[in-house]
Amino acid sequence: MRATFLRPALLLPILLSPIGPLSAIGWAEESRQPDVVIGGFDTPSLAPWSVTGDAFRRLPSHPPGGARYENGQGSGLVASDQSGPTTTGTLVSPRFTTERKFINFLVAGERNLPGTLGVELVADGRVVRSSSATEAGDRVLYQRTWDVADLADREVQIRVNDRSASGSIAVDQFVQSDDPGAAAIDASRLFDETFRPQFHYTPRAYWMNDPNGLFYYRGRWHLFHQHRYPGGSGTVWAHAVSTDLVGWTRLDVAVPTDTEDSNFSGSGLVDWANASGLKTGPDAALLVFYTLRPPGPVEAAADDSAPCTQCMAYSTDGGDHWQKFAGNPVLRTPDRRDRDPKVFYYEPGRVWIMVLSLSANNADRKAARYGIFRSADLRSWELIQSLGPDGWFWECPDMFELPVDGDPHRRKWLVVKGSGDYIVGTFDGNAFRPESDRTKSRWGGNYYATQTFNDAPGGRRVQIGWMNTGKAKRPNSYPGMPFNQQMSFPRELTLRTTPDGPRLFRYPVAEIEKLWGRTHEWKEQTLKPGENALADVHYELLDIDLEIRMRDARQLRIDLRGEKTVYDAADGKLRAFGAAAPLPAVDGRVRLRLLLDRTSVEVFGNDGQCDLSGVFYPNPSNRRMSLTVEGDAAEIVRLSVRELRRARSL
Ligand code: FRU
């Protein structure tokens with residue numbers, strides 16, 4: 001049996017329209033009506049739109065000497081930066097009645113909360129739809145669409161906001177239409193915006209990159225991250241805490257910058273024995289180590305700005321408040337771009353170890369190394385070993401020990417780089433000795449700047465990666481959303497014996513069970529070509545756990561709202577996000593776990609032997625899921641599809 005899914009755009013008017021099903025008839029496909037222009041800004045006057053403040057001015061789309069904004073329509077558009085970015089104000093449309101299914105418009109500008117910098121639709125004094133502007137520094141107008149089918153025949157107004165002292169916005173061509181100009185989005189409900197992940201960490205708003213300073217202390221997991229916000233001068237460390245690795249509470253910026261500098265990536269820890277001498281009360285001193293990056297071009301090879309230094313900030317109240325260490329920097333090194341200190345306690349030697357990415361500049365990755373430093377007091381550091389250069393040792397190092405197959409007496413050390421790729425070896429407090437090749441652990445997709453938590457309870461080793469959307473996808477990444485980027489779901493790391501030697505397995509932390517809702521289960525069932533095991537599943541947050549015997553089936557295909565994961569039995573490869581990871585069948589069986597969260601899919605093969613994480617932007621109206629086989633029938637040993645609840649977000 002196959003459930004039919006009605007597109008919300010067609011369904012909602014019937015259910016919600018104040019005048020009932022009649023309006024839905026007016027919206028039938030065959031009676032598409034011409035667009036109604038609400039604002040094209042092609043005449044010299046902005047009337048009947050009105051402005052407050054001094055920000056908004058009409059300007060020609062095609063001025064002599066070139067337009068400041070690309071993609072405008074007609075002869076004019078409106079922008080809020082005509083007297084510089086500091087001006088503020090609003091641009092408000094006349095009241096009009098919604099008489100089409102969609103409102104389409106063009107917008108460019110800086111990513112922000114829509115009430116600060118963005119476009120809002122207001123009905124009865126309430127914001128019912130909104131969109132943030134696009135992306136900092138971008139001057140291309142992009143199409144945005146609101147689905148207003150459920151607001152038929154309502155009196156509404158459009159408000160364009162620039163309440164930001166630093167950013168600006170440009171808009172053009174507001175029309176009512178029966179054709180969506182783009183996938184419909186809405187950002188009017190914070191933490192429930194169209195593309196907001198519901199159990200992957202995202203910042204409330206603005207830019208995020210690497211996870212930083214991960215540690216656990218007295219019931220709280222601390223997550224810091226690279227963060228840039230409008231009007232801020234450089235990158236700062238934002239801060240969030242969680243009691244269960246699932247729901248997060250966002251706190252104030254923990255490590256701000258004083259000048260045009262940036263606080264680049266680093267790590268965090270609990271100074272249990274007060275080696276730093278910074279403890280003042282009942283709480284242990286909590287320390288974070290970050291790289292102070294003086295202003296300068298980040299990517300340039302010939303960057304001659306001042307060298308990076310390694311600095312420290314600390315908290316004496318359990319992690320609520322942070323201050324910079326007065327004796328900063330704690331480490332100066334000769335290279336210019338040394339960065340991303342990962343500091344941890346080496347218990348047998350009762351010393352602190354820092355592993356640092358050493359690099360003269362950002363372009364010559366082949367010359368980069370990892371330096372291992374040692375300290376007794378966390379304030380002064382000596383270099384004890386340098387790994388590389390051979391082109392491998394690049395950015396965001398991590399280093400930790402894991403038991404092999406859970407045996408506490410057989411332990412190995414791992415050196416992990418930004419991509420999550422790793423080397424297995426030994427470490428005696430003086431030197432890391434590799435025992436394995438450089439082992440690939442990331443196959444494409446979006447997973448970078450990995451880091452594990454220090455001081456995790458029960459000897460757990462939990463890793464988070466930044467699900468970077470990459471420059472290629474900007475500025476269309478998270479269209480119309482106030483935030484950018486998401487973190488991976490936390491993974492539990494284990495080291496297991498395989499025919500190739502000890503290998504790192506990464507699997508979603510068990511805490512995800514807290515979100516499990518309704519479950520669809522299959523057991524010992526044959527799946528024939530043409531059958532869809534997910535035909536009745538239309539949920540946007542899923543935890544899928546599958547064990548399958550491929551038998552003579554050639555291919556397993558999983559399609560989650562348009563994002564495809566494929567397992568090919570012939571070459572034993574798992575394919576997703578343009579990458580192919582080896583996934584050998586074990587006793588004829590393959591296990592797959594997939595986490596679907598609105599704009600991301602994370603795929604884990606054979607209990608985490610390989611994983612692929614990727615970001616995608618589904619058409620919001622597409623809830624179609626399928627799990628099918630090609631070639632011949634396969635046997636589903638077990639399939640659990642769990643609908644997930646939204647995680648708590650504050
Ligand atoms: C990795 C990285 C780090 C650096 C940070 C800056 O993504 O380049 O090496 O510290 O980002 O935001």
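Trainee: Is D559 buried or exposed?

Mentor: A residue is called buried under 20% relative accessible area, exposed over 50%, and partly exposed in between, with a 1.4 Å probe and protein chains only. D559 has a relative accessible area of 18%, so D559 is buried. Before we go on, please keep in mind that this is a predicted model, in which local features need pLDDT of at least 70 and side-chain atom pairs count only at pLDDT 80 or more, while totals for chains, interfaces and linings use all residues. Residues are numbered from 1 along each chain as its sequence is written, and side-chain values use heavy atoms, with hydrogens and water left out.

Trainee: Which residues does D559 touch, not counting residues up to four places away in sequence?

Mentor: Contact means heavy atoms within 4.5 Å, and with those sequence neighbours left aside D559 touches K564, R624, M625 and S626. D559 itself sits in strand β37, residues 555-560, where strands (E, at least two residues) and helices (H or I, at least four) are DSSP runs numbered from the N terminus.

Trainee: What does the side chain of D559 reach at 2.8 Å?

Mentor: A polar contact is a pair of N or O atoms within 3.5 Å; within protein, one must be able to donate a hydrogen and the other to accept it, and residues adjacent in sequence count only if both atoms are side-chain atoms. Here the side chain of D559 reaches the backbone nitrogen of G562.

Trainee: Which residues of the protein lie around the ligand?

Mentor: A residue is near a molecule if one of its heavy atoms lies within 4 Å of it, and the residues around the ligand include N209, S265, D340 and W466. Strands β13 (207-217), β17 (262-271) and β22 (339-346) each supply at least two residues of this shell. A side-chain N or O atom of D340 is 2.5 Å from an oxygen atom of the ligand, a polar side-chain atom of N209 lies 2.9 Å from a ligand oxygen, and for S265 a backbone N or O atom lies 3.1 Å from one.

Trainee: How many disulfides does the structure hold?

Mentor: A disulfide is a covalent bond between the sulfur atoms of two cysteines, and the cut-off used is a pair of cysteine sulfur atoms within 2.5 Å. The structure holds 0 disulfides. C308 is in none, and its nearest cysteine sulfur, that of C311, is 9.8 Å away.
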